[in-house]
Amino acid sequence: MRPNIVSEAGLQTRMGQWWEGIPILTSAVVVVCGIIYLVCLLVGYDSFAEVCFWPSAVISRFQVYRIFTSILFHGSLLHVLFNMLALVPLGSELERIMGSVRLLYIIVLLAVSNALLHLLIALLVAHIPLHPYPYFMDECAIGFSGILFSMIVMETSLSGAQTRSVFGLFNVPAKWYALILLVVFQLVMTNVSLLGHLCGILSGFAYTYGLFNVLIPGTSFFSAIESSTWLSTCVRRPKFIMCTGGNGAGYLPTHSNQTVTSRSGVLSGNIWENLSSWMPQRESSLSAQPVTDDSRFPGRGRTLSSQTTTGNHDSTLQARLLDGSSIPERSSPTATIGGERNLAGRLSAVDTTATATRPLGQQASIPSDEEVQKLVAMGFEKTQVEVALSAAEGDLNVAVEILMSQQG
């Protein structure tokens, strides 16, 4: 009866289901930016001179509040709509991996680093001895797109993809994807902040390569915030994602086929496929969807919210970790809906077999330095990262699940 009810639901019901699937921080940013734009539209405020990121005003008048107000205001309906539609898949994926509180901290950190880089580059360009160019000092930039470019770099690095599609027209190497998007936007759109987007890309690469590690507290810091009384109301909400992975609704996103690959936002792949992928699908179609391997996403693919695929994958992973032990029974449907998976078997396997046991004759995979560095940049201990990568046979997504389960 359940598939028939979902298939006959109206647009309002489908939109409600789609909205309920967005984690709390991502949905909060969408709501705040949308309300701010509507208020500005109603009162006729369109100059943005008091809230935009204006390097001259930040330096001469020390108006540091512009660092944060500039990312919440948008200049047009298309501006806020495009940014928020791109934020939903990007922010949701990163929030389910990092947790709501940790992602909020990362967004604030990215906003500050973007602003500092913006100021530094604007000052250097304005004081070139041979040919000063003061334009960037008087540029007034607004919008969340600087943070979005940072998220694109982080998500691309985390996904392990080798190539990315630009609007479904052509594929580019993943490491150049954000920079090529920057060039495309500058060519096809007017009144776009080159420096604001470029600084977002630079901050994303800085995070990816671990340059912000010294500025990111450990898991205990975020756990203490989550356990505080003033945040208890938010923590109890099902959309809240614990940074320790303790919230069962906070499933880790995986990539199983080309359609899922395009969910990095309206900035990649076919736009119609991206828009349709954000709408909730019938459970029958999800469970019947074939799982195919994609060379761009190494490891074992699985369909989100699919009980059969998830159960088989978990059993296979536990069988590999326990080295021939009996495969546990499949978890009940209530334990797998929404992407929740039982990680107790994985956690116990990693804790009790630190040497990453394998079947006889099969050599344990040695994690590469690049894979280790990616996970260390997310705040995990290097020793735990190496053990988790060995247990997951180099699958970054599975390694992240194991690490977050250990911390929980």
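Helices, as I use the word in these entries, are DSSP runs of at least four residues marked H or I, and strands are runs of at least two marked E.

**Entry 1, the annotated span.** I am working with a predicted model, and I began with residues 367-406, which UniProt lists in an unreviewed entry as "domain: UBA". I looked up the make-up of residues 367-406 and found 72% helix and 0% strand, with the end C-alpha atoms lying 19 Å apart.

Next I turned to helix H18 (residues 369-376) and noted its buried residues, which are Glu371, Val372, Lys374, Leu375 and Val376. I then asked what covers the buried residues of H18. The cover includes helix H8 (145-159), helix H19 (382-391) and helix H20 (396-407).

I picked out Ile35, which sits in helix H3 (residues 24-43). Is Ile35 buried, partly exposed or exposed? Its relative accessibility is 48%, so I recorded Ile35 as partly exposed, because that class lies between the buried limit of under 20% and the exposed limit of over 50%.

Last, I located Gln63 in the loop between helix H4 (55-60) and helix H5 (66-69). Gln63 has a relative accessible area of 15% and therefore counts as buried. Leaving aside residues up to four places away in sequence, I found that Gln63 touches Ala57 and Val58. I also noted a polar contact of 2.5 Å between the side chains of Gln63 and Arg66.

Definitions and conventions:
Residues numbered from 1 in each chain as written. Predicted model: local features only at pLDDT ≥ 70, side-chain atom pairs only at ≥ 80, totals over all residues. Heavy atoms only, no water. UniProt positions renumbered as here; feature names shortened; annotations may be inferred. Buried < 20%, exposed > 50% of the residue type's maximum accessible area, 1.4 Å probe, protein only. Contact = heavy atoms within 4.5 Å. Polar contact = N/O pair within 3.5 Å; in protein donor to acceptor, adjacent residues only side chain to side chain.
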